[in-house]
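Keep the model open as you read.

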Amino acid sequence: MSEIPDFNDDELNVVKETVKERYGEAINIELADTELRLDPSARQLSTCPAVYWEARDCHFVICKLGEQRYHNQFFYRGYDQYGTGIREYDDIFTCVTTLLQLQADHEAKRNAEAE
């Protein structure tokens, strides 16, 4: 069992409202658990609560590493994964908005390259 607290209602509302604002409609946000190395040098994995959603053929994950500690990434396929370059956020709103902005920039670049 994890000692990391689950996402609380306020955190979930920030995620839901920010994602809704980005896409102009409510997106189904799912709760999940992930296994992560909280210390990059450690071998042991820790179970962490996560929120997950899909939009425009992209998958998004925000993991909770502790109280006001978050990690994020988006991916298209298992081998096509992206992060924001910041290992940890201390604010859920900044975590979500940075993730969505980086993915939007990536999507725009992919679309421009496909033309």
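Q: Is Glu107 buried or exposed?
A: This is a predicted model, where local features need pLDDT of at least 70, side-chain atom pairs count only at pLDDT 80 or more, and totals for chains, interfaces and linings use all residues. Residues are numbered from 1 along each chain as its sequence is written, and side-chain values use heavy atoms, with hydrogens and water left out. Buried means under 20% relative accessible area, exposed over 50%, and partly exposed in between (1.4 Å probe, protein chains only). Glu107 has a relative accessible area of 17%, so the residue is buried.

Q: How many salt bridges does a search of the whole structure find?
A: A salt bridge here is a side-chain nitrogen of Lys or Arg within 4 Å of a carboxyl oxygen of Asp or Glu. The search of the whole structure gives a count of six.

Q: How many residues apart in sequence are the parts that Arg22 and Glu107 tie together?
A: The two side chains form a salt bridge at 3.8 Å, N to O. Helices (H or I, at least four residues) and strands (E, at least two) are DSSP runs, numbered from the N terminus. Arg22 sits in helix 1 (residues 9–23) and Glu107 in helix 2 (residues 92–114), so the separation is 85 residues.

Q: Which residues are linked in a network of salt bridges?
A: Glu107 also pairs with Arg56, with the closest N and O atoms 3.1 Å apart. That Arg56 lies in the loop between strand 2 (46–55) and strand 3 (58–66), 51 residues from Glu107. Arg56 is partly exposed at 47% relative accessible area. The network consists of Arg22, Arg56 and Glu107.

Q: Which residue forms a salt bridge with Arg77?
A: Arg77 is partly exposed, at 41% relative accessibility. The closest N and O atoms of the pair are 3.3 Å apart, and the partner is Asp80.
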